[in-house]
Amino acid sequence: MAKVKKSTGIAIAAVLALAVVAGGLIQMSSGGSSKGGTITYLTHSESWTHADPNRNYTGQHLAWFSSYMHRTLTSYARAEGAAGSDVVADLATDTGRSSNGNKTWEFTLRDGVSFEDGSAITCEDVKYGVSRTFATDVITDGPTYAIGMLDIPSAEDGSSVYKGPYTTKDNDTAAYDKAVTCSADNKTITFNLKRAVGDFNYTTTYLSFSPVPKAQDKGDAYDLAPVSSGPYKIEKYKSKDEMVLVRNTNWDKKSDPIRNAFPDRIVVRFGLAEEVRDQLILNDSEKNSMSLDSVLPTNLPTVFDDAGNPKGDFATRAINVYDPYVTYSAVNVKKLPCLDIRKAIYYARDYAGLEQLSGGAAFGGDPADGVIKPLMGLDYAKVTGLDEFKREGNPEAAKKYMDAAKTACPDVYAKATDPKRGIYFDFADTDTNKKQAAIWIDSMKKNAGITMKFNFIEAGSYYAVVLDQTKQGDLSRAGWAPDWANASTVIPELFTEAGGFPMSQNWGDPAYKAFKEKSDAALAEPDRKKQGKMWAELNQYVMDQMWVIPGVFSKTQEIWGSGLGGVFFWEPQGAPSFGDIFIK
Amino acid sequence: MFAYISRRLAVSFFILLAASFAVYVIFAFLPFDPAALTCGKNCNDPGIIEANRRRLGYDLPFFTQYFLFLKGLFFGRTFGEGAALINCPAPSLGYSFQQHACVTNLIGEALPVTFSLAIGAIVMWLALGIGLGILAARFRGRIVDRLSTIFVLIGTSLPTFLTGLLLLVFVVIRWGLIPFPSGNYTSFFENPFEWAQILFLPWLTLAFAYAALYTRFVRSSVIDTSNEDYIRTARAKGLSEGVILGKHTLRAALAPIATMAGLDFAGLLGGAILTESVFNLPGLGRLAISAVTKYDLPIIVATTLLAAFIVVMMNLIVDILYAYIDPRVRVA
Amino acid sequence: MTLLTVKNLTVEFPTPDGLVHAVHDTSFSVSAGETLAIVGESGSGKTVTNLALMGLIPKRTANITGSAIFESDNGPVDLLSIDRNELRKYRGKDIAMIFQDPMSALHPFYTIGDQIIEAHQVHNQVDTKISKARTIELLEMVGIQGAATRLKSYPHQFSGGMRQRVMIAMALVNNPSLLIADEPTTALDVTVQAQILKLLSDLQKEFKMAMILITHDMGVVAGTADRVNVMYAGRIVESANVKDLYANPLMPYTQGLLASVPRMDRPHTNRLSAIPGQPPSMIALPSGCSFNPRCGRKNEVGASKCETQMPELTSRGSEHFSRCFIGEGA
């Protein structure tokens, strides 16, 4: 559990160059594509985490289901590289119209859109779908943007007064009906927001803004049998077995300009042993199949050379690219209110040792210089002031900052160097992490004289524990990817008190006030270029304060059989372009 | 005999009750919060967690929760409300929010898979283990015996996941001797041929490991029994070697095998986790292990209880069977 | 009429420690209807001798030489040289055996009825009903009450003495001409011992069969046997009819054995005496007379003759043989 699997963010100019470096310029989907056949996906997972559109929240799931089954108001363009980050109209006729200073957003549904049973998709269906997000006890794991953004008051305990469509007790349904309205012809949906959201039409790319037919909603069980609005519908879906999609005959290509619908059938084989899954593809014994999981580290050398480029016949059926994630160690500023100590930790770390454990730079990724990835284009600028960074650790720099800490913050210094107290680091309890911990302990002792200790937390409940601000240690491992191509889903989420992932607990820091003001300003900035510059400056600010110890700009590898064409890395979702894959 | 079985059944019932209580206690005091887990991986909203705790009944006192569980077993249980209402009829073992199904149904689907795996494997390994064990004992010190020693050595030292993986990667993927199964499991009643085809390698994998143990055990048991006085008596009567081995030696030598096989069978029914994982069989072992990694409490409780139930029942069956084989332990 | 003639029987077991000389060049004979007792300590070769005759020693484990001519209904056969499968036809039919420990000699998983019927069926191609009737007849003959119902009982439901009766019934079911009883009373209570011995002699007369009685108990020998072979370290050391042996034991070992038996006909003056020392290792027998390390009378033979030379079994009178230098040539 290194990363929070949120959906993805994006690249602009840098993407193409990076893709080339990674050796993965792949066939284009246009031209040579053909219809028919069965595409098989292989995975070790026993089932999809969720198939219910409201509960989908990982880039891969969003990419897969939005390609084949679930339509929503807006979508990312089906295109390689930077163009993929453009928002295009999907169920709606356009990418939305805002008014009231970006606090009201309106979408009109296309003519001829329907569910798999042929019934027309109406505004009420979208409204009902969005309402399910509020039933947090049933519709779990999905993004909760609707709760945070829609203009619905909060109850005393902080939860929304609207509790979703399943309960009547103490449920203020009227508040929801006021926040989301449908036009008389049931074709136009209007969202009233509590604050200005300039890029709300990015939010609506989430499948939690998909239509759900009320009559067929079964609450939790809808996850097993969601109703399709896209080109394929479920014929069979069984955990630990398989999912079979067949053509949805009620889907009309004329109402859907963005989906291709190449194969006749799509099969997902669940629960394969990892080695078996890899071997089926490496051996090319299932030519029309693709792995949905990471390649086992032991199999990477079969596919890629030392530089990370696909070799031999894998040149046309493997990619090694940057994914949207940045890993880091969040500093609990409340417990480590000493900039010099934080810097000493950063410089004392044996990055090279940790990198080697994760398979080397060719597969693991490059050292991060902040929480914004170069793939983010506009929002990224190289962070300065980190010149003393050395891969194998820099004991001179570390000692310099430790000496400074001795006078600047003697209490924290005493704690950090006391063998009985030391600095506590939260890690998920896995074998790899235990090896990493050994490297941390060693390099901290050797390079900075810091005593480092570890809280190993059961992997499944890791985030639940460390996000409890009373339980968090001094440092916590984490990973994050932007929810869409804007650092508005990174900087405020990670470093403001109201954010969704505030593991730095930095609001007590004297530097916080100025930071928060600038962050709010950036959120409200209508000029995207200016906004991007502000995010880059805030990223620099975060690093100046060392609120996180940056980790890796991570990479991912994908492999597939020789029978498939049209595969490319769909940047906004950080996953292959499932909808463009065809059988050669 | 009837009184004996009734008494044993009554004791079994209390053992299971105690087991269910123990499992509940263990999970009640584990340092994790089931309500926080319902909130999703990134959820840190205390409002949502608290609301879910109330809605899912995790705020109720421990004994109330346990009582509701027991009540569900006999009268069924419902969860949620409105369109999201879920009804799990008796015997309800709860509802898994991670698998979106009543636990009883999940067990009902997984049990036949594990049973199929276990029954085929036990037939294979008993045939192989007993056959080879008898041959090795009969031709002690000769080539058959030597070969069986090698078999035992390999069989007992290779872990099943490795055997299984080797079989899959080479026999199926590399050499293509058997086609890669198109499905994960087919019911015997649906298509017995496909059922056997899918299960053949898993059976072989399990049988390989167990047959090795049984070969060793049968060999020494047959040799020990051959030295018994009553075998000498049988020979003194003028019986042929075939009758002596087949009737007199094996009856006594294989009696302990019944106990061993019964308990091994019970163990497998609890779930052959490694074999099921390698061969992607949706059985009880997989159900249990994925529930453990995801803290899916209702499934953990149910699979643990089921495993206890199987072991208790199998013990009873083995005892009855043993009494049938060995008149000395027969109860009046 | 001589029923069985054993000549030069030698049984050796090769073991990793060396060759075990269990029986060495032993010859004796048994006449129809007579009782021959073979007496000796454990390990003296008395049981091995008889197992060898019955073909119950696996061929691969032992070297067996010599001959044993048995006068069967179909003429004489050499038990040691005929095919084992052939021998099987005599085993349990013409020659039957009963064993020391009735607790372990019966199969615990089968009813006694099944086991006796099986013994009858193997040598008689008759209907099971006939075998069953015969079984009941035999069980009644050996003194088991309610035989018809007791058929269905398992061995563990009987006492030791009753089990030995069952064993006897099983041995006699085919009307054998020779019964080998290997320590038939050793494992039983003293009171039961007498009953079983009595039963054996009664049945012997009734069935007109010869019996080889193997025992270490001279007391048992006195009341039952016609003739006695005393064995020591794989060899017959003295052979005589029972009266001669008791009246005039020649070999010091035999004398020792007799001295260790309490006797009613002697005054209580002397304590019972045990033979000093341990039986010799069958792998490395002492040189000379095997008994010499324990012999109290070897001084009577001069010049350490007993330590260097093995005495022969020589005749000392009518049907009386002894393997000892003392009194040799007298």
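Colleague: Which residue in β5(C) is the bridge partner of Phe70(C)?

Modeller: The partner of Phe70(C) in β5(C) is Val77(C). This is a predicted model, in which local features need pLDDT of at least 70 and side-chain atom pairs count only at pLDDT 80 or more, while totals for chains, interfaces and linings use all residues. Residues are numbered from 1 along each chain as its sequence is written, chains are lettered from A and ligands numbered from 1 in the order in which they are written.

Colleague: How many bridges join β4 and β5 of chain C?

Modeller: There are 4 bridges between β4 (residues 63–72) and β5 (residues 75–78) of chain C, and the strands run antiparallel. Strands pair if DSSP finds at least two bridges between them. Strands here are DSSP runs of E with at least two residues, helices are runs of H or I with at least four, and both are numbered from the N terminus.

Colleague: What do β4(C) and β5(C) form?

Modeller: A hairpin, with 2 residues between the strands.

Colleague: Staying in chain C, where is Arg323(C)?

Modeller: Arg323(C) is in the segment after β12 (321–322) of chain C.

Colleague: Is Arg323(C) buried or exposed?

Modeller: Arg323(C) counts as buried because it has 23 C-beta neighbours inside 10 Å. The cut-offs are 20 or more other C-beta atoms within 10 Å for buried, 12 or fewer for exposed, and in between for partly exposed, with C-beta atoms placed from the backbone.

Colleague: Which residues does Arg323(C) touch?

Modeller: Leaving out residues up to four places away in sequence, its contacts include Arg235(C), Ile236(C), Met251(C), Pro311(C) and Leu313(C). Contact means that the C-beta atoms, placed from the backbone, lie within 7 Å.

Colleague: Now the chains. Which two chains share the most contacts?

Modeller: Chains A and B do, out of 2 pairs of chains in contact. Chain A and chain C do not touch, and their nearest C-alpha atoms are 48 Å apart.

Colleague: How many residues of chain C are in contact with chain B?

Modeller: 22 residues of chain C are in contact with 18 residues of chain B. On the chain C side, α3 (102–105) and α4 (112–121) each supply at least two residues. That side has 11 nonpolar, 5 polar and 6 charged residues. Ala, Val, Leu, Ile, Met, Phe, Trp, Tyr, Cys and Pro count as nonpolar, Asp, Glu, Lys and Arg as charged, and the others, Gly among them, as polar.

Colleague: On to chain B. How many helices and strands does it have?

Modeller: Chain B has 14 helices and 4 strands. Of its 332 residues, 44% count as buried.

Colleague: At what angle do α5 and α14 of chain B pack?

Modeller: α5 (residues 103–138) and α14 (residues 297–325) of chain B pack at about 50°, with axes 10 Å apart. Axes are lines fitted to C-alpha atoms, for helices over the stretch in contact, and angles run from 0 to 180 degrees between N-to-C directions. The two helices, α5(B) and α14(B), are therefore oblique to each other; under 35 degrees is roughly parallel, over 145 roughly antiparallel, 65 to 115 roughly perpendicular and the rest oblique.

Colleague: Which residues meet there?

Modeller: Val103(B), Leu106(B) and Ile107(B) in α5(B) meet Pro298(B), Ile299(B), Ala302(B) and Leu306(B) in α14(B). By class, this contact has 7 nonpolar, no polar and no charged residues.
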